[in-house]
Amino acid sequence: MKEADIRPEILLARYLELSAEDAVRCFSGVARLELDCVACGSLATQNEFEKNGFVYATCNQCGTLYQTPRPSLDAFQAFYRDSVSSCYWAEHFFPAVAEARRERIFRPRAEHLARMCAENGIEVGRLIDVGAGFGILLDEWRRLYPETDSLAIEPSSTLAAECRAKGFHVVEDIAENVVDYREYADLVVCFEVLEHVFEPVSFIKTLAGLARSGGHIFVSTLCVDGFDIQTLWETSNSIFPPHHINFMSIAGFRRLFERAGLQVVSISTPGVLDVDIVRNAYRKNPEFFSVNRFVHQLMADDGRAVAFQKFLSDNGLSSHAWIVAKKP
């Protein structure tokens with residue numbers, strides 16, 4: 001899989017442009033509050049850089065990168081409800097790549113998730129997908145396990161309608177407001193949402209509240225330890241406020257889930273795009289890598305690049321992370 005397969009360059013450039021404009025339009029003059037580390041809660045942090053008018057800091061304790069000082073929750077909720085970039089994602093960007101993502105992301109993800117459940121003895125009679133989007137993951141899971149009772153939680157009216165069109169029961173709201181399905185699911189999944197949320201520890205507690213005792217939570221999100229984020233840093237397209245504001249480290253994930261009262265089963269980084277992302281950045285700006293001849297040489301050879309990506313994925317060094325946790 002290549003980055004362009006799921007994020008075509010023209011669509012991505014427009015999305016990033018609209019996001020930068022929304023950062024000004026939606027957050028200018030909004031009061032902001034300094035936050036402790038959103039993963040481990042440490043007070044020991046240091047500022048790293050500013051992007052689109054949003055400052056990011058690193059936790060000296062666990063290495064998590066996060067946005068602070070942070071606008072209010074109300075400001076972010078208004079942003080996701082009304083912003084041009086959010087509308088563009090739901091109505092233009094994702095529909096254009098939905099089927100490509102089904103084949104390259106959601107189908108393999110559902111199959112991997114099924115294998116993981118089988119290996120760990122997790123029987124999934126009830127499944128909740130928080131931030132279900134177009135409902136493609138639930139659709140692929142239903143293909144494997146048609147008997148599963150599946151629920152989509154999706155606050156976007158456009159995306160919630162897509163889930164309903166696929167035949168799923170939908171709660172059209174943010175997960176924090178869902179009270180009718182507490183202690184309900186054997187498995188709660190949440191893909192590519194944690195990097196967006198205002199208060200990660202409260203959000204993970206919300207996911208845990210939807211799971212039954214002994215149930216499991218599966219989260220995928222971005223990891224600051226990943227090769228492409230570490231290499232590109234503030235120039236990384238993965239770091240684009242106001243959308244992406246949390247980048248936990250491996251250590252940060254562990255502390256975050258423990259603070260939410262969960263037992264961490266596994267943390268892995270099965271990402272496959274780190275090298276391709278950095279290669280694309282090099283193609284656009286060769287001077288950026290003039291000081292790192294080793295990285296340039298490593299990525300110039302296709303065989304080495306493939307082997308290096310596997311090394312990253314196998315050693316917790318990809319920017320795409322999976323966390324599996326169990327509720328006591």
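Two residues are in contact when heavy atoms of theirs lie within 4.5 Å. Keep that in mind for this predicted model. Take the contacts in the protein with a separation of 6 or more: 73% of them join residues 24 or more positions apart.

Now look at the overall form. The protein has 328 residues, and a compact globule of that length would have a radius of gyration near 20 Å. The value for the protein is 19 Å, so it agrees with the globule rule. Along the principal axes, the C-alpha trace spans about 55 × 50 × 40 Å. The chain holds 12 helices and 13 strands.

Charges come next. There are 33 positive and 44 negative ones, and their mean positions are 3 Å apart.

Turn to a sheet. Strands of a sheet pair through backbone hydrogen bonds, either parallel or antiparallel. Here, four strands form an open sheet, and the pairing is antiparallel. The order is β2-β3-β4-β11. Which strands are at the edges? They are β2 (45–51) and β11 (246–247), each of which pairs on one side only. Strands β3 (residues 54–59) and β4 (residues 65–67) are joined by three bridges. Find Tyr-56: its bridge partner in β4 is Gln-67.

Next, a helix. Which residues of α10 (residues 274–284) are buried? They are Asp-274, Val-275, Asp-276, Ile-277, Val-278 and Asn-280.

Find it in the loop between β9 (185–191) and α7 (200–210). Is Glu-192 buried, exposed or partly exposed? Its relative accessibility is 28%. Buried means under 20%, and exposed means over 50%. Glu-192 therefore counts as partly exposed.

What does Glu-192 touch, leaving aside its neighbours within four places in sequence? The contacts are Arg-109, Ser-220, Thr-221 and His-320. Leu-35 gives a further point of reference. Along the chain, Leu-35 and Glu-192 are 157 residues apart.

Note on methods:
Residues are numbered from 1 along each chain as its sequence is written. This is a predicted model: local features need pLDDT of at least 70, side-chain atom pairs count only at pLDDT 80 or more; totals for chains, interfaces and linings use all residues. Side-chain values use heavy atoms; hydrogens and water are left out. Helices (H or I, at least four residues) and strands (E, at least two) are DSSP runs, numbered from the N terminus. The radius of gyration is taken over C-alpha atoms; the globule rule is 2.2 Å times the number of residues to the power 0.38. Lys and Arg count as positive and Asp and Glu as negative; His and the chain ends are not counted. The place of a charge is taken as NZ of Lys, CZ of Arg, CG of Asp or CD of Glu. Two strands pair if DSSP finds at least two bridges between them. Buried means under 20% relative accessible area, exposed over 50%, partly exposed in between (1.4 Å probe, protein chains only).
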